[in-house]
Amino acid sequence: MQQAMRIRLILLFLSPFVAFAQNTIGGVKVSVPEAEVSRQSQFLMAERERLLNHNEKALELYKKFTYDNPSVDAGWYGLARTHTTLRDLPSALDAITKAVTLAPENEWYAVYQGDLLEKVGRMKDAMLVYEGLVKRFPAKPEFHEQLAYLYLKNEEPKKALKALDKWEELTGISEEIVFKKHVIYVGLGDLKKAASEYKRLVDAFPDELKYRVELATYYDKIGDKNAARQTYEEILRLDPDNSSARMALAGGNKDNGDVGKLLAYKSLFDDPKVSIDEKVKALMPYFTKLNTPEGASLKQPILELGALLEKHHADDAKAWSLSGDLFYHTNQPAEALDRYKKCIKLNPSVFAVWDNTLELLLEQGDFNEVLSTAEKAIDAFPNQPKAYYYYGMAANVKGKHEDALNQLEQGLLMTANNPGLRLDMTDQVGLALMGKKDFAGAIARYEKILVKGGDQHPGILEHLGDALAIQGQAAQAVEYWKKAYNIRRTPALEQKIASGKM
């Protein structure tokens, strides 16, 4: 709306009335030199083109205007903005520097210059600009905020703290400023001051229980159990139903170990008023312990808690996802798979659940189900290459080699940042080509990937050997089988090496 208004005003200025060399000011007709009228018209034409996003045209007009009128700061500012839109930041910086030189008192030119300096990585120069701005305009909090950000980005945390103090002096204590200070103190290793920042927030806003929870959680994190407990007890005095505090204090003061803690959670997990997020957070630390020797004693109580999640949060996908993870980590894949499927029905937008589901289906050897599920995963996540990998693998097993090849080639385009998956998918591409009897094509594909990590991939080495053997190159085949066997020893490879045949 504002841009449209500005364009209408510019068009008004550029109407035929501009041709007249006189204006009325204060009721008195005043003559304006034709050169000035021409100059204003030239500037407004450039500005109009910029506002209309005709940036190449605007650039041409601004360059001509600044060449003809090098002492007009507004022209250099307009040129800088146009260069920025066209992503020519060095030229934009050169132009805004000229504007600042011509009008050093204009704060917005300096702001624009500082932001451009940051974008091109000249952090120290950007800081100098904002240090000048806070001296000239000490009452503007946004300048102190940006200066603090620049100090942090330049790894000068103590200076950032001083800038944040100035910002807080102007605006008063706030969540945003306190959290920034807290993070800085954590980075400096000053845990006491990091905690004191949260405490200041609690004192300033005593009715905001979330700040007390943040403080208690932080005390827990740094190992100050007494302070954490006292803070949680304060929360419960103010809000007896607070889920975070109830969960944190489960089990009383006595340390009953992991099993005792899990048993103490049972009444809370059986309470639908306790949020599922708090329940999930409480269980997360136990996952890594399930596969340890002492994890056997945790299996039953933790599965009981998972069952209570299902009972009281049956409509929440997180309950089924977490319960599925519990069964997966306790080596009960069929039960885990059932829960992952329920999770997907409730919320199909989390790829990790699809990934777990497809992995379990592969382990079960249910390739028909892998194929159909992978196809749905591709529809839901067209940018997830692993979905294409699962499809290609299952399609190869089912003899649908052309389908496998099409999906694998498409998925490979997305694996630039995942070299391991790229190798796995290339292995499947080779198998698809072999399935189509294109053994020469498979050999070429495998040999091409050898220098990109394929020489350390047992599947690629073994299947390259297979393709060579089929092509009658037994000696070379055995060499690749041996290389594969050195990485992953299997009876099948051992037999191939011994016989020199597939």
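**A guided tour of selected helices and loops**

K437 is exposed, with a relative accessible area of 63%; exposed means over 50% relative accessible area, buried under 20% and partly exposed in between, with a 1.4 Å probe and protein chains only. The model is predicted: local features need pLDDT of at least 70, side-chain atom pairs count only at pLDDT 80 or more, and totals for chains, interfaces and linings use all residues. Residues are numbered from 1 along each chain as its sequence is written, and side-chain values use heavy atoms, with hydrogens and water left out.

**Two loop residues**

Begin by selecting K437, in the loop between α25 (419-435) and α26 (439-450). Helices are DSSP runs (H or I, at least four residues), numbered from the N terminus. The phi of K437 is positive, near 70°, although K437 is a residue other than glycine. Most residues other than glycine have a negative phi.

Next, select N331, in the loop between α19 (317-329) and α20 (333-346). N331 is not a glycine, yet has a positive phi of about 60°. With a relative accessible area of 65%, N331 is exposed.

**A buried serine**

Move to S243 in helix α14 (residues 243-248). S243 counts as buried, at 13% relative accessibility. Apart from neighbours within four places in sequence, S243 is in contact (heavy atoms within 4.5 Å) with K273, V274, S275 and E278.

Two packed helices are described by the angle between their axes and the distance between the axes. Axes are lines fitted to C-alpha atoms, for helices over the stretch in contact, and angles run from 0 to 180 degrees between N-to-C directions.

Select residues 123-136 (α7) and 141-153 (α8), which pack at about 155° with axes 9 Å apart. α7 is therefore roughly antiparallel to α8 (angles over 145 degrees; under 35 counts as roughly parallel, 65 to 115 as roughly perpendicular and the rest as oblique). Display M123, A126, M127, Y130, E131, L133 and V134 of α7 with F143, H144, Q146, L147, L150, Y151 and K153 of α8, the residues that make the contact.

**Helices α21 and α23**

Finally, select α21 (residues 351-364) and α23 (residues 385-397), whose axes come within 11 Å and cross at roughly 20°. α21 and α23 are therefore roughly parallel to each other. At their contact, F351, D355, L358, E359 and L362 in α21 meet K386, A387, Y390 and M393 in α23.
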